[in-house]
Amino acid sequence: MGLVLDQSDQFLLFESLNDYGQLESICLVNREDVVHESVNSAAIDFSSFLAAYNQKNEIFDPGHLGKLAQSLDHVPTAREVIEKAGKQLVSVDDYELAGENLGYVTAVDEAGFTIEDPESGQEVSHLFENVCALDLASTELEKMREFLAAQNQ
């Protein structure tokens, strides 16, 4: 659940909220994967109430993720995000693979990219056409970065 910040023909720039009405991630969502959109429901009313409460109390965006969305001048494609990721940790939701895949980008070509799991070292390839969602910034990514930094000390 969240708010569409901007959109292109292929992707939505999406602000995802957690169960407590706080900003959980800024992500690209493939428009083809959107099954249902709504602006009126009890769940949305409750999330809106929580988000407004959190904004009023300055606890809506504890990870300061919103700055990223404000800095973008267009909705990037999955390819643009991956090509600019460099050695950054990325989180990918892919049609072909169960759950989200977290890792460092190790290779990029015309058709897709490969990421390496930071803990197991296992590499997984993704086709750009199979990307459902790609986190640009998220609480999960930040916590994983902190964990990996602590492991390397």
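This is a predicted model: local features need pLDDT of at least 70, side-chain atom pairs count only at pLDDT 80 or more; totals for chains, interfaces and linings use all residues.
How many bridges join E2 to E3?

1. Residues are numbered from 1 along each chain as its sequence is written, and side-chain values use heavy atoms, with hydrogens and water left out.

2. E2 and E3 run antiparallel and are joined by 7 bridges. Helices (H or I, at least four residues) and strands (E, at least two) are DSSP runs, numbered from the N terminus; two strands pair if DSSP finds at least two bridges between them. Phe 11 has Asn 30 in E3 as its bridge partner. The hairpin of E2 and E3 has 5 residues between the strands, and Gly 21 takes a positive phi near 80° there.

3. On the other pairing of E2, strand E1 (residues 2-7) is antiparallel to E2 over 5 bridges. Gln 7 stands opposite Leu 12 in E2, and the hairpin formed by E1 and E2 has 3 residues between them.

4. E2 is largely enclosed by the rest of the structure, because 7 of its 7 residues are buried (under 20% relative accessible area, with exposed over 50% and partly exposed in between, using a 1.4 Å probe and protein chains only). Phe 11, Leu 13, Glu 15 and Leu 17 point one way from E2, whereas Leu 12, Phe 14 and Ser 16 point the other way. In a regular strand the side chains alternate between the two faces of the sheet.

5. The strands belong to an open sheet of 8 strands with antiparallel pairing, in the order E1-E2-E3-E8-E4-E5-E6-E7. E1 and strand E7 (123-127) are the edge strands, each pairing on one side only. Within the sheet, E3 pairs with E8 over 5 bridges, and Ile 26 has Ala 137 in E8 as its bridge partner.

6. The largest nonpolar core has 25 residues, and those with the most contacts inside it include Ile 26, Ile 82 and Phe 113. A nonpolar core is a set of buried Ala, Val, Leu, Ile, Met, Phe, Trp, Tyr and Cys residues joined through side-chain atoms within 4.5 Å. Among the elements giving two or more residues to this core are strand E2 (11-17), strand E3 (23-30) and helix H3 (78-85). Apart from this core lies another, of 5 residues, among them Leu 89 and Met 144.
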